Amino acid sequence: SEAFAGPGAREGLRERVRRYEAELIVDALNRADGHRGRAATDLGIPLRTLSHKIQALGIRRGGYRSSES
């Protein structure tokens with residue numbers, strides 16, 4: 001329906017959820033100054049899950065502030 005046509009209307013649900021998840025992760029990493037453990041705690045997920053999602057979503061260090069080397 002036209003009433004629901006907004007940004008990303010032509011994008012599928014899967015891609016919109018993927019993009020939203022990446023935004024949430026990057027925001028959490030920024031709040032945690034790039035510290036993955038703190039970001040995982042903030043998101044309420046295990047560090048291993050966060051690390052997997054970072055890799056699967058293609059999130060790079062340049063996309064968030066990092067204090068880790």
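This is a predicted model: local features need pLDDT of at least 70, side-chain atom pairs count only at pLDDT 80 or more; totals for chains, interfaces and linings use all residues.
**Exercise 1. The overall plan**

Find how many helices and strands the chain has, and in what pattern they follow one another.

*Solution.* 
- Step 1: Count the elements. The chain has 3 helices and 0 strands.
- Step 2: Read along the sequence. The pattern is α-α-α.
- Step 3: Check burial. Of the 69 residues in the chain, 22% are buried.

**Exercise 2. Confidence**

State the average pLDDT of the chain, then say in which helix confidence is highest and in which it is lowest.

*Solution.* 
- Step 1: Take the whole chain. Its average pLDDT is 86. A score of at least 70 is reached by 78% of the residues.
- Step 2: Turn to the helices. Confidence is highest in helix 2, residues 36–43, with a mean of 98. Helix 1, residues 13–31, has the lowest, with a mean of 96.

**Exercise 3. Helix 1**

Compare the reach of helix 1 with the expected value, then list its buried residues and say what covers them.

*Solution.* 
- Step 1: Helix 1 has 19 residues.
- Step 2: From first C-alpha to last, helix 1 reaches 27 Å. That is close to the 27 Å expected at 1.5 Å a residue.
- Step 3: Buried means under 20% relative accessible area. In helix 1, the residues that pass are A22, I25, V26, A28, L29 and N30.
- Step 4: Recall the helix rule. An α-helix has 3.6 residues a turn, so residues three or four places apart point the same way.
- Step 5: Look for the cover. It includes helix 2 and helix 3 (47–57).

**Exercise 4. E21**

Decide whether E21 is buried, partly exposed or exposed, and find what it touches beyond four places in sequence.

*Solution.* 
- Step 1: Locate E21. It lies in helix 1.
- Step 2: E21 has a relative accessible area of 26%, so it is partly exposed.
- Step 3: Leave out residues up to four places away. E21 then touches K53 and L57.
- Step 4: E21 and I54 are 33 residues apart in sequence, but 9.9 Å apart in space, C-alpha to C-alpha.

**Exercise 5. The residue after helix 1**

*Solution.* 
- Step 1: Most residues other than glycine have a negative phi.
- Step 2: D33 has 39% relative accessible area, so it is partly exposed.
- Step 3: Look across the sequence. D33 and Y64 are 31 residues apart, yet 8.0 Å apart in space, C-alpha to C-alpha.

**Exercise 6. Helix 2 against helix 3**

Describe how helix 2 and helix 3 cross, and which residues meet.

*Solution.* 
- Step 1: Two packed helices are described by the angle between their axes and the distance between the axes.
- Step 2: The axes of helix 2 and helix 3 come within 9 Å and cross at roughly 105°.
- Step 3: Helix 2 is therefore roughly perpendicular to helix 3.
- Step 4: List the partners. R36, G37, A39, A40 and L43 in helix 2 meet L47, L50, S51 and I54 in helix 3.
- Step 5: Sort the residues of this contact. They divide into 6 nonpolar, 2 polar and 1 charged.

**Exercise 7. R38**

Find the exposure of R38 and its contacts beyond four places in sequence.

*Solution.* 
- Step 1: R38 is in helix 2.
- Step 2: Its relative accessibility is 44%, so R38 counts as partly exposed.
- Step 3: Beyond four places in sequence, R38 touches A32 and D33.

Note on methods:
Residues are numbered from 1 along each chain as its sequence is written. Side-chain values use heavy atoms; hydrogens and water are left out. pLDDT is the predictor's confidence in each residue, from 0 to 100. Helices (H or I, at least four residues) and strands (E, at least two) are DSSP runs, numbered from the N terminus. The expected span of a helix is 1.5 Å times one less than its number of residues. Buried means under 20% relative accessible area, exposed over 50%, partly exposed in between (1.4 Å probe, protein chains only). Contact means heavy atoms within 4.5 Å. Axes are lines fitted to C-alpha atoms, for helices over the stretch in contact, and angles run from 0 to 180 degrees between N-to-C directions. Angles under 35 degrees count as roughly parallel, over 145 as roughly antiparallel, 65 to 115 as roughly perpendicular and the rest as oblique. Ala, Val, Leu, Ile, Met, Phe, Trp, Tyr, Cys and Pro count as nonpolar, Asp, Glu, Lys and Arg as charged, and the others, Gly among them, as polar.
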